[in-house]
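Have your viewer ready and try each task before you read on.

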Amino acid sequence: MKRSLFKPKNLATLLACRKARKFRGVPFWINALRNLADVEDDPRDDRRRRRRHPAERVARLTLRVIAVCCMMFSMIDLTLIYKRSPTVTTPETMLYPVRRINYPAIAICDVNRISRRAAIDFAQELVDFESTAFTANLTLTDIEHMLSLLGQLYLIDDVDEAENETTKLLHTILERGYNGYDVNRIMRRLSPNCRSMLRRCSWEGKDQTCEDIFLLRKTQDGYCCTFNYARRNDGFGSAQNDVFTSERIEHSTNIGPEYGLSVLLNPHFDDSFYKILPIDGFKISVYNPLDYPDMTSGYVRDVLVSPKTEAYINLDAIVFDSAEDVQKYDVQERDCLFQTEQSKIFHGYYSYSDCIVHCRIRDIFQLCNCVPFFYPTSEEIASAEICNLRDLPCLRKYKERWRNVKPRLENAMEPFGESEFEGYLSCDCLPSCDDVTYSVQSSSIPLSLTELSWGRSKYPINNHSVVHIYFGKSGTIRLRQDVLFYWYELISNYGGVCSLFLGLSIINVIEMLYKLVARVWRSATSGRAQTREKIGENRDDITEVTTIAVQPAPIPEIAQPKLHWREMTGALPNGAMKSV
């Protein structure tokens with residue numbers, strides 16, 4: 001039977017044939033797969049190839065080589081882009097609700113860092129020590145003047161030789177009077193009292209007792225009155241440094257000045273003793289509730305509020321969030337750290353700001369063998385002492401180094417020059433994968449009233465200030481860091497490149513693999529058949545044929561009477577003719 005020359009070449013053609021011829025059942029698909037596996041080509045195709053001009057063959061080959069090269073180049077470039085930056089950050093929404101964002105921590109610090117009343121009480125206590133009279137014959141006024149030198153522990157400014165000698169004398173008095181003095185306890189005692197500084201407070205339109213919502217905590221400016229500062233302790237994860245903090249992180253459910261945090265502040269000019277700035281008023285810091293406020297990290301926003309003013313601080317935020325799949329990639333590839341990473345140091349609360357602070361603390365300890373009192377402590381240097389007046393010369397020597405941080409060399413950035421950031425603090429800190437960056441816009445108006453209405457009460461004011469800290473709009477920006485290509489998207493991109501240049505698809509790949517397996521199977525089966533035939537032929541060659549001659553045995557003759565034809569046919573019984 002003559003074999004049909006028509007053979008379907010792909011599954012699409014098979015489906016068309018099935019629809020046109022209305023083939024049904026399993027036999028159709030078996031025959032179709034056999035046709036797909038049939039590697040014999042149409043003889044007419046061979047004749048058509050032979051009639052092609054050599055130039056046409058060269059042109060077709062050149063085009064195919066170019067297509068393959070372009071496909072390979074595109075796939076390699078796509079792979080390099082994926083390896084170089086496997087994540088991508090895009091704006092997810094411009095109206096992310098502010099009620100889902102943590103309200104920032106607020107630190108209110110009086111520019112005057114040492115209370116005069118507290119300094120006088122402390123000076124009186126020192127005068128009563130016998131060691132003070134034994135060390136030097138000093139009056140109460142002399143000791144009061146000397147206590148202002150404790151302010152150097154805030155700014156670490158340069159002093160002249162006379163003040164340097166006085167500082168040494170004060171250190172000796174404190175050392176002998178307390179048998180090794182605690183700088184933390186002394187500076188906390190000398191800080192302005194939150195109760196006298198904060199007169200009235202309200203949160204989300206409701207009056208609150210200031211002592212209930214504000215706590216005295218460590219900040220970059222020493223001990224200040226803080227709101228919504230939820231950091232568990234004044235260290236990095238050590239339970240020994242746990243302090244009473246906010247029970248929960250506050251969220252702002254409404255917008256506008258009347259629904260934010262409002263505070264009536266009293267500057268107490270008569271209590272001024274040592275100011276860190278040449279002005280009167282307050283310094284308000286806005287920062288993340290779980291971070292230590294550090295200005296050099298860039299995550300703290302400071303606003304100065306003058307006396308007799310009403311200040312409006314409008315908050316805004318940018319939320320940065322990362323998908324869980326991002327954590328599967330290497331840290332250098334995603335270029336950020338999740339809060340749960342480096343838990344040995346930060347105990348599940350990693351942030352870029354805390355990393356900078358931790359780096360600076362280690363550097364200070366290595367160079368001066370102590371840590372300033374306003375910085376958090378670390379378990380790595382738990383044995384470190386708090387810097388006192390004796391350590392001021394070392395702190396002054398390296399203060400410029402700790403105020404400047406060398407930028408981190410990020411991916412795809414050119415290396416910095418060696419002399420460009422010489423002497424800067426070098427910290428290899430990565431940004432946080434989940435973070436909130438706060439920004440502020442402040443404005444103020446003169447407060448010329450003599451009496452201020454607060455809730456249902458009225459309060460006389462003199463040099464007071466009023467501060468409103470609030471979110472001005474209900475929506476903010478949320479940035480989302482996600483994987484650049486998931487595995488199925490990467491396969492889709494590869495398939496698109498192959499289809500663009502060569503017209504390949506997954507069906508073609510399956511067909512080619514099927515034909516390859518079929519050809520190998522046919523070669524293997526035909527080889528085994530030829531082997532069996534050869535073995536049979538060899539056996540025929542080596543088989544000895546033995547011929548046996550068989551003599552016929554003699555057959556004895558049997559004498560029978562002659563029969564008439566009628567008797568043979570049965571017309572007459574045997575022997576009937578004899579009787580005739």
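**Exercise 1. The largest pocket**

How many nonpolar, polar and charged residues are in the lining of the largest pocket?

*Solution.* First, a word on what we are looking at. This is a predicted model, in which local features need pLDDT of at least 70, side-chain atom pairs count only at pLDDT 80 or more, and totals for chains, interfaces and linings use all residues. Residues are numbered from 1 along each chain as its sequence is written, and side-chain values use heavy atoms, with hydrogens and water left out.

Step 1: On a 1 Å grid over the protein atoms alone, a pocket is an open set of points with protein on both sides within 12 Å along at least five of seven lines, a cavity is a set of points where a 1.4 Å probe fits but cannot get out, and lining residues have an atom within 4 Å of a point. Grid points are joined across faces, edges and corners, and a volume is the space filled by probe spheres set on the points.

Step 2: size the pocket. The largest pocket has a volume of about 580 Å³. It is lined by 20 residues, and those closest to its centre are Tyr154, Gln220, Phe374, Tyr375 and Arg403.

Step 3: sort the lining into elements. Two or more residues come from each of α8 (152-155), α15 (352-368) and α17 (399-403), and α17 has the largest share with three residues. Helices (H or I, at least four residues) and strands (E, at least two) are DSSP runs, numbered from the N terminus.

Step 4: sort by class. Ala, Val, Leu, Ile, Met, Phe, Trp, Tyr, Cys and Pro count as nonpolar, Asp, Glu, Lys and Arg as charged, and the others, Gly among them, as polar. The answer is eleven nonpolar, two polar and seven charged residues.

**Exercise 2. Enclosed space**

Find the cavities of 30 Å³ or more and describe their linings.

*Solution.* Step 1: count. The structure holds two such cavities.

Step 1: take the largest cavity, with about 70 Å³ of space. Its lining includes Val111, Phe269, Ser272, Lys275 and Ile279, and by class it divides into four nonpolar, four polar and four charged residues.

Step 2: take the second largest cavity, of about 60 Å³. Among its lining residues are Pro192, Asn193, Ser196, Met197 and Asn266. Here the classes come to three nonpolar, five polar and two charged.

**Exercise 3. Salt bridges**

Work out which parts of the chain the pair Arg117 and Asp270 ties together.

*Solution.* Step 1: apply the rule. A salt bridge is a side-chain nitrogen of Lys or Arg within 4 Å of a carboxyl oxygen of Asp or Glu. The count comes to 21 salt bridges.

Step 1: check the pair. Arg117 and Asp270 meet at 3.2 Å, N to O. Arg117 lies in helix α5 (residues 116-127) and Asp270 in the loop between β8 (261-265) and β9 (272-275), so the pair ties together parts that are 153 residues apart in sequence.

Step 2: look at exposure (buried is under 20% relative accessible area, exposed over 50%, partly exposed in between, with a 1.4 Å probe and protein chains only). Arg117 is partly exposed at 43%, and Asp270 is exposed at 53%.

Step 3: Arg195 and Glu211 form a salt bridge at 3.4 Å, N to O. This pair links helix α11 (residues 194-197) with helix α12 (residues 210-213), 16 residues apart. Arg195 is exposed at 57%, whereas Glu211 is partly exposed at 37%.

**Exercise 4. The setting of Cys387**

Is Cys387 buried or exposed?

*Solution.* Step 1: locate the residue. Cys387 sits in the loop between β14 (385-386) and α16 (392-397).

Step 1: read its accessibility. At 2%, Cys387 counts as buried.

Step 2: list its neighbours. Leaving out residues up to four places away in sequence, Cys387 touches Leu153, Val183, Cys370, Val371, Pro372 and Leu395, where contact means heavy atoms within 4.5 Å.

Step 3: relate Cys387 to Phe374. Their C-alpha atoms are separated by 9.9 Å, and the residues are 13 apart along the chain.
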